[in-house]
Amino acid sequence: MISFESDYTTGAHPKILQRLAETNREAMPGYGSDPYCKSAAEKIRAACECPEAQVFFLAGGTQTNAVVISSLLQEYEGVIAAKTGHISLHEAGAIENTGHKVIELPQAEGKLEASSVKNLLEQFYQDENHEHMVFPGMVYLSHPTEYGTLYTKKELTAISEVCRQYQIPLFMDGARLGYGLMSKSTDLTLADIARICDVFYIGGTKVGALCGEAVVFTNTSMPKHFLNHVKRHGALLAKGRLLGIQFDTLFTEGLYFEISRHAIEMAEQLKKLFKEKGYRFYLESPTNQQFFILENEKLELLKEKVRFGFWEKYDEKNTVVRFATSWSTTMEDLQYLREIL
């Protein structure tokens, strides 16, 4: 049995495990005040070309989204997101549980469009009853999106300009950010993202770490006493070193980008393999997530030897499935998949 189910189903990159073992006996201050968290934050600032950025480490994606969004919004505000956004579908109402509505918009291959965001904001403030409504207080988007697609610099800049016109923050969910940055189809750099977005996070859980996400506030958008917000959500690790050591390792000698590049290369080989075998693509993803349309009967046969993710029903006889590559995907995995197919 081989697995292409997701990019977090194996453990951590060996270099991370090595550093965790090497530092295991060191006594460190808690709650992110240790030297490794400070070192990791400095390396992230340098990689973002944003020396004034504030960096915080949290454990997981849903937790990070809930903490960041609820801390940035006023109690009467909600967050704009694509209907297919992670906070809209696969976070069990975590945002609503903090008391904030997710204001959904239509999407194009997982992406928000600046014109849709602007139209929503214009209509809201033109409505004479808007004081009786949930105020749109920020914009959330994922890069890569839940469909493995990417925003261009032009598209992201256009959304940012709308946000700044209405003085609301733009928040990027970067759970798989490394794969977007290393895609051959992108024109965005980490420095671009730091310049365009008010806050984003660099995903570790899905990019080679055991767990962890690095939240980056790039300007004055950081709410007051953010650490207090983290604590109130039960998200402040006493052993903050666990996250700091991992991100310090990921941002030493380009490991984060090396891991991401490897997964992209494996995904390109995966695409070639499925094309050779005559399978249909649901859409052409330029990242590590690939979506195929399988006949239901073939899907059940494939399940016996390969793990992959259900995505959505295509029609009565076909299903959309997701295959994902990661740091641990090998050419041997792909060769075995070829034989199975």
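Cys48 counts as buried, at 1% relative accessibility (buried means under 20% relative accessible area, exposed over 50% and partly exposed in between, with a 1.4 Å probe and protein chains only). The model is predicted, so that local features need pLDDT of at least 70 and side-chain atom pairs count only at pLDDT 80 or more, whereas totals for chains, interfaces and linings use all residues. Residues are numbered from 1 along each chain as its sequence is written, and side-chain values use heavy atoms, with hydrogens and water left out.

Cys50 is also buried, with a relative accessible area of 5%. The closest cysteine sulfur to that of Cys48 is in Cys50, at 6.6 Å, which is too far for a bond. A disulfide is taken as a pair of cysteine sulfur atoms within 2.5 Å, and by this rule the count is zero.

Helix α12 (residues 255-276) and helix α14 (residues 331-340) have axes that come within 11 Å and cross at roughly 10°. The two helices are therefore roughly parallel (angles under 35 degrees; over 145 is roughly antiparallel, 65 to 115 roughly perpendicular and the rest oblique). Contact, defined as heavy atoms within 4.5 Å, is made by Met266, Gln269, Leu270, Leu273, Phe274 and Glu276 of α12 and by Met331, Leu334, Leu337 and Arg338 of α14. Helices are DSSP runs of H or I with at least four residues, numbered from the N terminus. Axes are lines fitted to C-alpha atoms over the stretch in contact, and angles run from 0 to 180 degrees between N-to-C directions.

His229 lies in helix α10 (residues 226-232) and is buried, at 16% relative accessibility. Leaving aside neighbours within four places in sequence, His229 contacts Val67, Ser71, Pro223 and Lys224.
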